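Subject: Handing over the structure

Hi,

Here is the structure I promised to pass on. Have a look at it first, and then read on for what turned up.

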Amino acid sequence: MSITIRKVVISEFGDVSKVAVEQATIDPPKAGEVQVAPVYSGFSGADINMRRGMYPLQRKAPLTPGYCLAGRAKTDGNHVKIGDLVACMTVYDAEADLLNIPEKYLIRVPEGVTPEAATAIVLDWATAYGMVERAKVAKGQRVFIHGLSGAVGYATMKLCQLRGAAIYGTASERNHQVLREQEAMPFVYTNKDWIKTMQDLGGAHAVFDPLGDDSWEESYSILPPCSTGKEQGLLVAFGQNQSALTDSQPSGGALIPVTKLLLKNAKIFSNRSTTFYYIFRDQTSFVPTVNTLFNMVRDGKINVVIKNTWDMDDIKTAHQSWASSSGIGSNLIRISKT
C-alpha cells in the first residue's frame, strides 16, 4: 500500500525557483530494501549543480536530490531492524520523508554518534578521509586546502592536523579569524597572494582542490618545484564547484579538465603528480572508512562541526545561502524533527 510523503523536487534545471517541496507517494520496499525515514540529509555543491543540471552524469529532471542521510529504519531487513539509526550515501532522494534503500548500503550508526554527525561523516568526512589517505599526509608536511571553511575542506584540515601537517588554504575573508583560531593560515582566493607565498615556502606537499580547471593549474604551480626534485607533491582534485560558488556558467564538462589534469603525470622524472578523487558507496574502503570515522567521533578524536541546518520547507533558502553563509563545517537539511 502506498504512503503519502513530502519530498524536495527539482522540477526542471535552472534557478532556485525550480526547487520546491511537493507531495508524492511511496510504495512498500521491495525484497532486499529497507524503508528509511531520514532525520537529516546532507546539503552540498552537488545539490546546487544538480539543480542547475550540471552534475556529471546526473538524472534528468524532475528529480529529488539528497546525496546522503542519517535516519530511522521503518521496516525490518535481515540485519537492520525497525528503529535502528542508519546512515547511507544515496546520491539522490534523501530529501524526502521516506525512501526505500537496498539494505546492503545501510550502515548502522553506533551509540555516541548523533544523526547530525553521521550525516556529515558519510559524505563530507569520508571524502576527506579518503583523500588524506591517498595523499599520505605526514607530520611536518605543508598542506594547502581550497575551501577551508567548507564541509570537505574543514574535515580535510582536521584530519591533516591529526597527522601533524601545517595547514594553509583559501576561504572567504569573513571566516579567516575562526580558521586562524583553528591553527590554519587562510588566504583570499581571488588575490592570488597564496601562490607566491606557497612557492616561497618551497611548495605544498599536498594540495586539495574542489574548484576545477583553472584553479587546478594554479594549484599545480604551488607543488614543490621540479628544479629541486627532492620533495614530492600531489595535487588531489575533487569536484568542480567553482561555477556553483559563483553562479556562473562552467567552461564545459568534466572530461577534458580531468584528462588534462591526469596527463600531467606523463612528465618524466617529475616530483609532481596529480589525481582526481571520487567517492562512491560500492568502494571496498567506503564502509570501513565510515566506521573508522564513527569510532573517531566516539573516542573524541574529531569534532564534526555543522555550519548550517535548514528545515526541508526552507530548501529555497538553502540553495540561496549555501555559497554565502558564514562559519565552518557541514550543511544539513532537517527532514524530521523527531
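S215 sits in helix 6, which covers residues 213–220; helices here are DSSP runs of H or I with at least four residues, strands are runs of E with at least two, and both are numbered from the N terminus. S215 counts as buried, at 2% relative accessibility. Buried means under 20% relative accessible area, exposed means over 50%, and partly exposed is in between, using a 1.4 Å probe and protein chains only. Setting aside neighbours within four places in sequence, S215 is in contact with H146, Y189 and D209, where contact means heavy atoms within 4.5 Å.

Before going further, please note that this is a predicted model: local features need pLDDT of at least 70, side-chain atom pairs count only at pLDDT 80 or more, and totals for chains, interfaces and linings use all residues. Residues are numbered from 1 along each chain as its sequence is written, and side-chain values use heavy atoms, with hydrogens and water left out.

Now for the chain as a whole. It has 10 helices and 15 strands. Its radius of gyration is 20 Å, which agrees with the value near 20 Å for a compact globule of 338 residues; that radius is taken over C-alpha atoms, and the globule rule is 2.2 Å times the number of residues to the power 0.38. Along the principal axes, the C-alpha trace spans about 70 × 40 × 40 Å. Buried residues make up 52% of the 338. Of the contacts between residues at least 6 apart in sequence, 71% join residues at least 24 apart.

I328 gives an example of residues brought together from separate parts of the sequence: its C-alpha atom is 8.2 Å from that of V178, although the two are 150 residues apart along the chain. I328 is in the loop between helix 10 (315–321) and strand 15 (330–334), and it counts as buried at 10% relative accessibility. Not counting residues up to four places away in sequence, I328 touches S149, Y154, V178, L179, Q182, V305, I306 and K307.

How many disulfides does a search of the whole structure find? The search finds zero, with a disulfide taken as a pair of cysteine sulfur atoms within 2.5 Å. For C68, the closest cysteine sulfur is in C88, 9.0 Å away, which is too far for a bond. C68 is buried at 2% relative accessibility, and C88 is buried with a relative accessible area of 0%.

Finally, a few backbone details to look up in the viewer:

- A cis peptide bond joins A61 and P62, with omega about 5 degrees. P62 lies in the loop between helix 1 (45–52) and strand 4 (68–73).
- E183 is not a glycine, yet its phi is positive, near 65 degrees. This residue lies in the loop between helix 4 (176–181) and strand 10 (184–187), and E183 is exposed, with a relative accessible area of 68%.
- K192 also is not a glycine and has a positive phi of about 65 degrees. K192 is in the loop between strand 10 and helix 5 (193–200), and counts as partly exposed at 27% relative accessibility.

Best wishes
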